[in-house]
Amino acid sequence: LGFEAVQSILNGLGYDYVELSNESFEHDLGYSDALEILTRLRQVAGDAGRMFGVKLTNTLAVVNNRGELPDSEMYLSGRALFPLSIGIAAKLSVHFDGTLPISFSGGITIHNVEAVFKTGIRPITIATDLLKPGGYMRQVQMACRLDRLDNWNYEQIDVHALKKLAEEAQSESTLMKNYRGEDEVHSPGLLPMFDCYEAPCVSACAIRQHIPEYIRLVGEGRYRDAMECIYERNALPSITGHICDHRCQLVCTRLDYDGCINIREIKKAAVLNGMEDYRKSRIKPKLSQNKKVAIVGAGPAGLSAAYFLAREGFPVTVFEREKDAGGVVRYIVPYFRIPREAISSDIDFIKENGVEFVFNHPENIDIDGLRAEGFHYILLGIGTYQIRNLPIEGDNTAIYASLPFLSQFNHDSSKLQMGSHVAVIGAGDTAMDCARSALRCPGTREATIIYRRAFRQMPASREEYEDALSDDVAFHWLRSPERFDKDGTLTLRVMELGEPDSSGRRRPLPTDRTETLKVDSLVYAIGDDPDAVLLTKSGLNPDKSHRVKTFDGGETEMEDVFLIGDGRTGTSTIVKCINEGRMAADAICRKEDPGWERTEVQPFLNPAERKRQITGKKGEVSAKPDDRAEYAVSAFGQTELHRCLECDYICNKCVDVCPNRANIAVPVKNEPLFSNPFEIVHLDAYCNECGDCGRYCPWGDGRPYIDKPTVFSSLADFENSENPGWLLNEGNLHVRFKGEVRVNPEQGEDMEFKAFMRLYHLILETRPELFSLLNTERDAV
């Protein structure tokens, strides 16, 4: 295909970070020479009464520009290889008029296997796709897809069909880089030796919602039960069902199949279809505590604290300076992103739980006055409303900070005279809101976002970016504003990327080049701070960074006074503020009763049915439903239940992806020392240390082939390893546990070691052949 054509195809599909070497193309076999060789080989084969064909194409050598391997080259495989391989197949088939048999290997998936098969290409090899979650089970779906085809007997290649497939492959959505995206499926922390099943969506959620459980409940049509499940940890399900930043979706295991589960939309479906029934069945909590609680600020943190304290029987009053509750959600988030009734739904439910609200309250915080009114606990959820200054030169005063601009937009956008062209500085979610809101102001026709870093470094979510694109917002990357003059000239410094900074992103460095842009006004969204003046007047002592020292649950150095939400942490997200409120509520409950623990009610889910369904789901790739299109709730919920792998109940990804079956799942159901239904055990003799299980393990740096209990098959391998594990050799049991080697050990009292040894006995009882020794020392090596 040639260097330029290959690089162009990869760039067009979003793999612009893949670097090719022109030198490699010049040194390798050229197309014209290849045609001559193929023609001669066909003749030789024909003379000998044999068939001759070609196999396309295992891999592509690329420049090792990521430092992942020691050599200067590494090799490209998987779906990025498909448009290249199928392009070569089409080119050769045209030249040989479809008479050259072709065997194909290069990015085969469920999305393209049928189309390739229909061109007459035989056989088709599956490789990379089998090394992904689901593993060998992915073949079943492909086989079923091909089995339903009528014509299996092609005498030659269908050149027209193959050319069409090759053309479509250069823009096919499932081959685009952003189809999978760059998000990594992971949970923070070290891979546990036992009971490692953890849903990444849950660990990524600030409030650790029971996400797989409520997805299942919605899929089964149990909407009221889903609401009960959600409300155990989320005080604002309607709000978060519309505008949560859904970190859960960015780490969803389904990313390695066909795209993340639409988790936020499932929550919204639960609210819209289950809230009424849940309200009817919900019993208002009784006042069981005699200490009154005052909460200053009716934003997400304050509302969350109010809800969870009211559930525990505390009398709660919320004081708010505005005329209604909701904080940033009601007054800052643009109205076109969330319906007002969605906000009111959550607030009304909190009121129904006994929380009282006082609106239009003076902004100053009088802690002594609140105590004089009988409030024992005081929680401050005052947000981050201290505006930073934009460092820019020039005499143009049409410069607006993001929060006042968005507040005015929500209140009355007709009073915002922004001019025809608005520039927005920053590239976070707030910047996207500002740009989209500016386009809805009277007279504004253009909005341009300016960001000093590159596209891949923007902090905004992909969803917010795509919404801005759909509104025709323009983007100028690697540009930093320096001057804004009265005539509307905005001077931008062109930046370039240097070495990584403390955030891990490459640092933007100024060049000697500048550009100018004509704009009418400037909005900047570069972050805000807690109000240090207000905090000081309240009796707290903020430091130079506007932060206040806090303890458990946000309690300050003033006893029984808590600082929660963005006012404590700095600008964050709605769901993090919900967690702030709940943690403060929990801390207060513990202060009243040191032995207190929050109890949660979870609806029954049939474990046997879950196991059966999860096993079936692991091998199937399906289409991700569009959460922005109209859908039937029942069908949508069922589709997402069918896609959700319920990783917190059964994971076993390391078992699925191992090409050598060197990881096994040992059943341990009803074993009191284990909480998961299976435990992972590694088989040393089967492993070639390819590391694929580590690549897909959801635990950050988890490496099951090293971290998990291991069955050894030779003394040499046992002694050359540091893995925890067992070796049965000449009647003696050799054990390594936490680095210590013992022979025929006593069980002792250590519960983890008891679990370790119980797992050994379970394997010995059910699969004793796994402890067989290798025949020779040569085999061990």
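Select R758 to begin: with a relative accessible area of 25%, this residue is partly exposed (buried means under 20% relative accessible area, exposed over 50%, and partly exposed in between, using a 1.4 Å probe and protein chains only). You are looking at a predicted model, where local features need pLDDT of at least 70 and side-chain atom pairs count only at pLDDT 80 or more, while totals for chains, interfaces and linings use all residues. Residues are numbered from 1 along each chain as its sequence is written, and side-chain values use heavy atoms, with hydrogens and water left out.

**From R758 to its partner**

E671 and R758 form a salt bridge, their closest N and O atoms being 2.9 Å apart (a side-chain nitrogen of Lys or Arg within 4 Å of a carboxyl oxygen of Asp or Glu). E671 sits in the loop between β20 (663–667) and β21 (678–683) and R758 in helix α31 (residues 751–766), so the pair ties together parts that are 87 residues apart in sequence. Helices (H or I, at least four residues) and strands (E, at least two) are DSSP runs, numbered from the N terminus. Is E671 buried or exposed? E671 is buried, with a relative accessible area of 17%.

Next, move to R767 and E769, whose side chains meet in a salt bridge at 3.5 Å, N to O. R767 is partly exposed at a relative accessible area of 36%, and E769 is partly exposed too, at 46%.

Side chains of opposite charge can pair when their charged atoms come close. Here the count comes to 59 salt bridges. For another one, select R216 and E646, where the closest N and O atoms are 2.7 Å apart. R216 belongs to helix α10 (residues 211–219) and E646 to the loop between α26 (633–643) and α27 (653–657), so this pair ties together parts that are 430 residues apart in sequence. Both R216 and E646 are buried. Then widen the selection: E213, R216, E220, R222, R224, D225, E228, R610, K617, E646 and D648 are linked in a network of salt bridges.

**Two loop stops**

Find G78 in the loop between β3 and α4. At 6% relative accessibility, G78 counts as buried. Leaving out residues up to four places away in sequence, G78 touches G106, G107 and T128 (contact means heavy atoms within 4.5 Å).

Finish at P442, in the loop between α20 (429–438) and β12 (446–451). P442 is partly exposed, with a relative accessible area of 37%. Not counting residues up to four places away in sequence, P442 touches S413, S414, L416 and Q417. From P442 to I387, 55 residues apart in sequence, the C-alpha to C-alpha distance is 25 Å.
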